[in-house]
Amino acid sequence: MMTLNRTFIFYAVALVGFILLPQLIAVKYYLHLSVLALIWVIAAQGQNLIQGYTGYVSIVQAGFMGIGAYSTALMGIHSDMPVWLTITLAPFVTAFFALLTGYPSLRVKGHYFAIVTLAFNMVIFIVLMNFHELTQGEAGITGIPKPGAKDGLFNWRDRETYYYFVLIIAVLMTALAALIVRSRIGQTLIAIRQNEDLVGAIGIAAWKYKLFAFVISAMFGGLAGAIYAHYQSFINPEIFGVAQSLDAILAVIIGGSGTIAGPIIGAFFVVFLPEYLRFADSFRLILYGLVLVLATIFMPRGIVGVTTDLMAKWGRGKT
Amino acid sequence: MKAPVLKVDTLCKSFGGVHAIRDLSFEVREAEILGLIGPNGSGKSTTVNSLAGIFAITSGKITLGDAQIDGLPEYARVAQGLARTFQTASTFSEFTVREQVLLGSNVTRTSHPLSSVFGIGRKADEDAALEERVAHILEITNLKPVEHARVGTISSAQQRFLMIATALASDPKVILLDEPAAGLVSHERKTLSELIKSIRALGVSVLVIEHHMALIMDVSDRIVVLNFGQKIAEGTPEEIRNNPVVIDAYLGEAA
């Protein structure tokens, strides 16, 4: 009960912080980064379901974001569907592709799965680059509309409006992730991570649960991509490559794998850290890599893991 | 004679050119403890893994109740009523003892897994019934005192009992115990024999593979002896102990 209350307080404080954030930010650019970070929270929560909870490292989350982004953009261009509808449909289009790839690739275990998903991300990237008629290749798609009518209730061109929109979605998706991991399904996913052979021996069809986790994680990615597309109004294949999928993996590891708070912290980390390292100019990426390597070695359980350890130590010291 | 629950009919299993089991037939009857013994390499583990669905059999037939199960995947056989344990402790080390046993009971649920996400269509009576059964299983496996301990922190003997508890939670007709006494000391073995007998008292049939002769002779109603993948004898513990073929192949003169 005690821990439940503490968790509740933590999330309440965090939520208030996120609501107040735009008022505290003086530089507009940081508000822009915060919107991006919240979009990454959605993608990272999805990544965490398959990687953190189920124990299968998937290297295709950015690819799924790409499928979500392009499907909402293309549906908007080729039909009269309103933006809110294409954003809603985008995760389902992504789910379709995830089912197609997940079904065969989840038959292989461990590293092989990682390689298969990596290959799939490369395929997505190559298709987006070369299927000019549909995706306009490297040039990308421009003029993707913002949600809402021109003279509607909200001014969607204002970054703050979009920030609150993304915040609501990120909170809902985080809550959904929490509901899933607390359910019987979540327990089974955690069991698969610990001992997949035993899961089969107690009568559970592990492949169904793994496929569920993979498809749901892809839908999170697809939704994040769709929201991104309408936020930036421009997409090209560049940002949906393997490197960005690695960012999703890092967000989970750095934040805290298999925790709900982890991907939130991790997402802000991977979006903001490269920006703070800009002072190092061309050494930026090297420094970024170094920080990540050190963080992974010295904090294998992520920021959440270190914090809980410290809090436990502090709690013991007090009593 | 009691009715058979698990029937193995002319089972063969080859690995490449090696015949691990040849024309093996036996049956496990209702609420019976059947011992399966034999020297190393005689095909005991292959038999268990074929029954459980880890290996696809080469030929033959396996029937559980009225259902032929040899074509089913491992997890589907558990749902049919065939549970198993492993030679080495296999557990979910991060869960508590109780959580693991409860997970083992999920196979008996009729509510859809998705109902547990949003709480819609959740069956309260189902939850209550499972809680009660799990509590009973923890009781008979002597795990009640450690039910809230992390599985990774309990003793290896307790982990072996936990494997049995988890298998029992699936409400099986037959439970396969693969060397349950491995690594147990004398008084733990005594507790194990009592547990195996109490499983029979629940109406569950037991197929137990074991090297520890005193234990197998104590608990078994009947014993099947394998050598080089074939059945060389079958009978009561008394008959097996005095069977010259078995003595020659496995037990030796001292037994």
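1. Start at the join between the chains: α8 (184-201) of chain A and α6 (156-169) of chain B each supply at least two residues of the lining of the largest cavity. Helices here are DSSP runs of H or I with at least four residues, strands are runs of E with at least two, and both are numbered from the N terminus.

2. A word on the basis. This is a predicted model, in which local features need pLDDT of at least 70 and side-chain atom pairs count only at pLDDT 80 or more, while totals for chains, interfaces and linings use all residues. Residues are numbered from 1 along each chain as its sequence is written, chains are lettered from A and ligands numbered from 1 in the order in which they are written, and side-chain values use heavy atoms, with hydrogens and water left out.

3. How many cavities of 30 Å³ or more are there? The count comes to 3. A cavity is a set of points, on a 1 Å grid over the protein atoms alone, where a 1.4 Å probe fits but cannot get out; a pocket is an open set with protein on both sides within 12 Å along at least five of seven lines; lining residues have an atom within 4 Å of a point. Volumes are the space filled by probe spheres set on the points, and grid points are joined across faces, edges and corners.

4. Back to the largest cavity, which holds about 60 Å³. Chain A lines it with A:Leu198, A:Ala201 and A:Ile202, while the chain B residues include B:Arg84, B:Phe86 and B:Met163. α6(B) gives the largest share of this lining, 3 residues. By class there are 6 nonpolar, 3 polar and 1 charged residues (Ala, Val, Leu, Ile, Met, Phe, Trp, Tyr, Cys and Pro count as nonpolar, Asp, Glu, Lys and Arg as charged, and the others, Gly among them, as polar).

5. The second largest cavity is about 40 Å³. Its lining has A:Ala201 together with B:Ala52, B:Glu74, B:Val78, B:Leu82, B:Ala83 and B:Arg84. β6(B) gives the most, with 3 residues. The classes come out as 5 nonpolar, no polar and 2 charged.

6. Now the largest pocket, with a volume of about 2,100 Å³. Of its 48 lining residues, the closest to the centre are A:Thr7, A:Tyr11, A:Arg182, A:Thr259 and A:Ile260. α1(A) supplies the largest share, 11 residues. The lining divides into 30 nonpolar, 11 polar and 7 charged residues.

7. The second largest pocket is about 650 Å³. Which of its 27 lining residues are closest to its centre? They are A:Trp40, A:Ile239, A:Gln244, A:Asp247 and A:Val270. By class the lining has 19 nonpolar, 4 polar and 4 charged residues.

8. Last, a helix pair in chain A. The axes of α3 (residues 61-78) and α9 (residues 206-232) of chain A come within 6 Å and cross at roughly 50°; axes are lines fitted to C-alpha atoms, for helices over the stretch in contact, and angles run from 0 to 180 degrees between N-to-C directions. So α3(A) is oblique to α9(A) (under 35 degrees is roughly parallel, over 145 roughly antiparallel, 65 to 115 roughly perpendicular, and the rest oblique). The contact (heavy atoms within 4.5 Å) includes A:Phe64 and A:Gly68 of α3(A), and A:Gly221 and A:Gly225 of α9(A). Its residues divide into 8 nonpolar, 8 polar and no charged.
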